[in-house]
Amino acid sequence: MEALGDYVWPRATSELILLPVTGLECVGDRLLAGEGPDVLVYSLDFGGHLRMMKRVQNLLGYYLIHGFRVRPEPKGDLDSEAMIAVFGSKGLRVVKISWSQSHLRELWRSGLWNMSDWIWDVRWLEGNVALALGHNSVVLYDPVIGCMLQDVPCTDRCTLSSACLIGDTWKELTIVAGAVSNQLLVWYPAAALTDNKPVAPDRRVSGHVGVIFSMSYLESKGLLATASEDRSVRIWKVGDLRVPGGRVQNIGHCFGHSARVWQVKLLENYLISAGEDCVCLVWSHEGEILQAFRGHQGRGIRAIAAHERQAWVITGGDDSGIRLWHLVGRGNPGLGVSALCFKSPSRPGALKAVTLAGSWRLLAVTDTGALYLYDVEVKCWEQLLEDKRFQSYCLLEAAPGPEGFGLCALANGEGRIKVVPINTPTAAVDQTLFHGKIHSLSWALRGFEELLLLVSGPGGVVACLEISASPSGKAIFVKERCRYLLPQCKQRWHTCSAFLPTGDFLVCGDRRGSVLLFPARPSLPKDPGAEGKLLALTGAETPGAGGGSGGDENAATGLGPVSTLHSLHGKQGVTSVTCHGGYIYSTGRDGSYYQLFVRDGQLHPALRQKSCRGMNWVAGLRIMPDGSMVILGFHANEFVVWSPRSHEKSHIINCGGGHRSWAFSDTEAAMAFAYLKDGDVMLYQALGGCTRPHVILREGLHGREITCVKRVGTVTLGPEFEEPSLEYPDYLEPGSEGPGLIDIVITCSEDTTVCVLALPTTTGSAHALTSVCNHLSSVRAVAVWGTGTPSNLKDPQAGLTAHVVSAGGRAEMHCFSIMVTPDPSTPSHLACHVMHLSSHRLDEYWDRQRNRHRMVKVDPETRYMSLAICELDLDRPGLGPVVAAACSDGALRLFLLQDSGRILQLLAETFHHQRCVLKVHSFTHEAPNQRRRLFLCSAATDGNLAFWDLTTLLDRGSTALEPPTQPGLPYQLGTPCMTLQAHSCGVNSLHTLPTPEGHHLVASGSEDGSLHVFVLAVEMPELKDAVGEGELVPQLRILEEYSVPCAHAAHVTGLKILSPSLMVSASIDQRLTFWRLGHGEPTFMNSTVYHVPDVADMDCWPVSPEFGHRCALGGQGLEIYNWYD
């Protein structure tokens, strides 16, 4: 091998890390967070806002940070500078930091000290540091000169799972060690000064039935808290642990977590615990749960910190998110559920319906036709009116609007409505609209300009009433504007309505689950073909229409919808429609909510999203002032307010379910939820609105492992979008500031989501633009095609568009389009719009077959392992690319995309490999005076590579595709044009690159850590040797072939040929390695250690000549590297 000791180009440097947060500590008004070997510093008091000050990269080398210990200052002043010991695994480093309001400066840094054992705890002792090590020993270390002063072992040299050091001097130092025997061992290292032997434990404390992961000591109250694998937290009365021989008493055994408890922290008035169930619980010292903070995703919360003066709790999770929560008394807690004591001799009758007029006034109607008002502030009931015509059956709806808007509507079973001004009920207006039962009422408000009341009667007729008020406000006017007619269905009435922002259309949802678009200001059309045509149906033509309407109209006449999305939410109905940001959001009792848009007067679905697990009845949706969204719904017998952004259930109300009368109202001042139960009105109130008072310091990425990373393209923002970087790196390499470019990257994960990220080249940060949650199981592969700019503009500042295909478990595949555009209102200055185009599942495809009883059903547990886009040269309108999928059931399947991705169908398949197919990769061959040809390479778990000539297979009139054996089945691909035994086991990475000579470099990486590189030649037969033009089949031949048996120490999961002379590979051994090609066997150049465990995929791309290349590594986290050309 050629000596390359001085040849280090290219050298990769870490630019960004998104890993589980494993350490947190509050230092004055600053927060230190450990993420891998990096330290993030946040200012908790920067002009009243929270912001990131700096990222200190690679502080702990190759070790993960587990904790920070700040040296106590004599004056207790940590606002200007601090000496901090940073530790994790076997590494320790001491840094001295100076900070001002907006800047941070590192004054001094010690060397990185490598201990012989795992460090569980660190304690400052008069300028030195004491370390509790993993096999029950204590070391006294001098941080200035970096030498060991004392090393005291315990007689019980067991393995520890946690430790806590107590005391300020060596003489009073006490260690509480959590042994693998589930015991607490208390001993005193200073006792070794009398005789030079190991120290015996002073006390052994038993109680837990699992390993003890964390402990915390509160000296002022003599309490010790422990967290264990047995899902419990125990509180011990220990007194002063620095005094030997004390008594230990278990005073609390706290069960509240559903999984292992990782962390515990004792405060003066609270106990904080966090665990594997992603819940942070706040306890009293008596063991009562006071608060529960939920929002992190994935495998748990790894770190907690507290700021007692501000009553803050900060949590760091496995999803790389950091959140700040307010303790009791510092937020806007819910006021709880209270009964309003309606039952009284002065108020006869039973309650039939309840609604809210704002958050402070409540309306209720009884079966005697009496309407009552309850003022929350005054706390008394008042009868507004009584009308016997509205007894027995009565609907009640309050008009939307600000507090004190003051309108409600009543409807009965005889077609009569009553519009009541709440402040002046004597001015109520009655109208008879139908000759039968009224099924539903809904209000539609457009700003303060227009207020409509929609009333559904028999036969699917909806009366649209225009409500206005006199200038004095003492009288109201009700005028019928028009009538609409709903499509035919059994339960034929509307359930909700809303104005489009322009005011031209009304969007409605009906009981059948359809979303309908009606003209808001219709005029009778002159020709029957006009949009919004008039429909006239007699009762004889519509037998039974209305589904128990209580009587049919003699002539059901009205305007039909101009656009309909039939049964969008299934048979249970649409529950709400909301317009915001140019989109329509609809919710339904199918557990999902849709994002829709209107184009050319037609409704189009953009995206379907699922709510939180178990919420099968989505009742509504609210847009918060900051633009975020909250979902309202029912989870079994509970009403839940859920935030998709923070993944947190902000409010949970045990109301008994949604089948009874209920109402919800939300303002900036308060949130209210009212419902009927046991003949009374129950009211839940929470000050501050829907959202809980917490701050997301950093958004989480994925809750589980990242399985695939794919770059989409680059967006360039103009100077008007530029902002200064929030980070101040200590050293910048030449060109590392980079151009003003933002890379758009897609990641998919085991948590069933696909995330679109923005990675600026200038700030070393990441912004999650959107997340797609359509998959039922894990997403393992993603492919991109059709990358361009919006509206086919050439200007890169216009944004970016692309089509994306994602696939994974349950044999499920989705196709959607993304559009990234500039948006100055977001932190990333970008907005991402997603439109779902099509989907495909193998078992659903099987269910649609007529002769399925004769076929073998596809295994629903089949997983798509890898995807490749194959763009063909076929001149057929509407025909898109072919998607090749590697399947776990041993099949290689081809799917055809048509109509810009709106049609996705299975075209052909083959079971050639007879084993799980792990990878597919497509490449094209172009030669002078020859047709461009498309090839596909597939690799399986037996190490075999197979090459397929897709151009020949998919040519029109080609006989290469074998027809299916039965109708409805896909075509068969036949045999490949070449196979190669490249490895002895599974192929986890695969890539190709054309060479200047017209050949192809092919590289693969295997589970045994080996690499295989060969040069592939594509040869076309001469015309004189062929019988006909249709039989010109290319021949593949290997010119050179090389193997590197032990290139890595573990699976090679990422591989990229950057040029004919350079290749980069990544492995589970956490090495990013560069190889030189073109001189025989691939030659090792250099290797860089990265920090992402279990890397599953890698993508590399050139950014610019000034910035070089970027590389994204995805596994249990995400890391971005760059190197320069």
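Entry 1: I began with strand 24 (residues 271-275), which runs antiparallel to strand 25 and is joined to it by four bridges. Strands here are DSSP runs of E with at least two residues, numbered from the N terminus, and two of them pair if DSSP finds at least two bridges between them. The model is a predicted one: local features need pLDDT of at least 70, side-chain atom pairs count only at pLDDT 80 or more, and totals for chains, interfaces and linings use all residues. Residues are numbered from 1 along each chain as its sequence is written, and side-chain values use heavy atoms, with hydrogens and water left out.

I looked up alanine 274 and found cysteine 280 of strand 25 as its bridge partner. Cysteine 280 also has a bridge partner in strand 26, phenylalanine 293. Strand 26 (residues 289-294) is antiparallel to strand 25, with five bridges joining them.

**Entry 2: the turns.** Three residues lie between strands 24 and 25 in their hairpin, and cysteine 278 in the turn has a positive phi of about 65 degrees. The hairpin of strands 25 and 26 has five residues between the strands, and there glycine 287 has a positive phi near 95 degrees.

**Entry 3: burial.** Is strand 25 buried or exposed? Five of its five residues (279-283) are buried, so strand 25 is largely enclosed by the rest of the structure. Buried means under 20% relative accessible area, exposed over 50%, and partly exposed in between (1.4 Å probe, protein chains only). I checked both faces: Val279, Leu281 and Trp283 are on one side, Cys280 and Val282 on the other.
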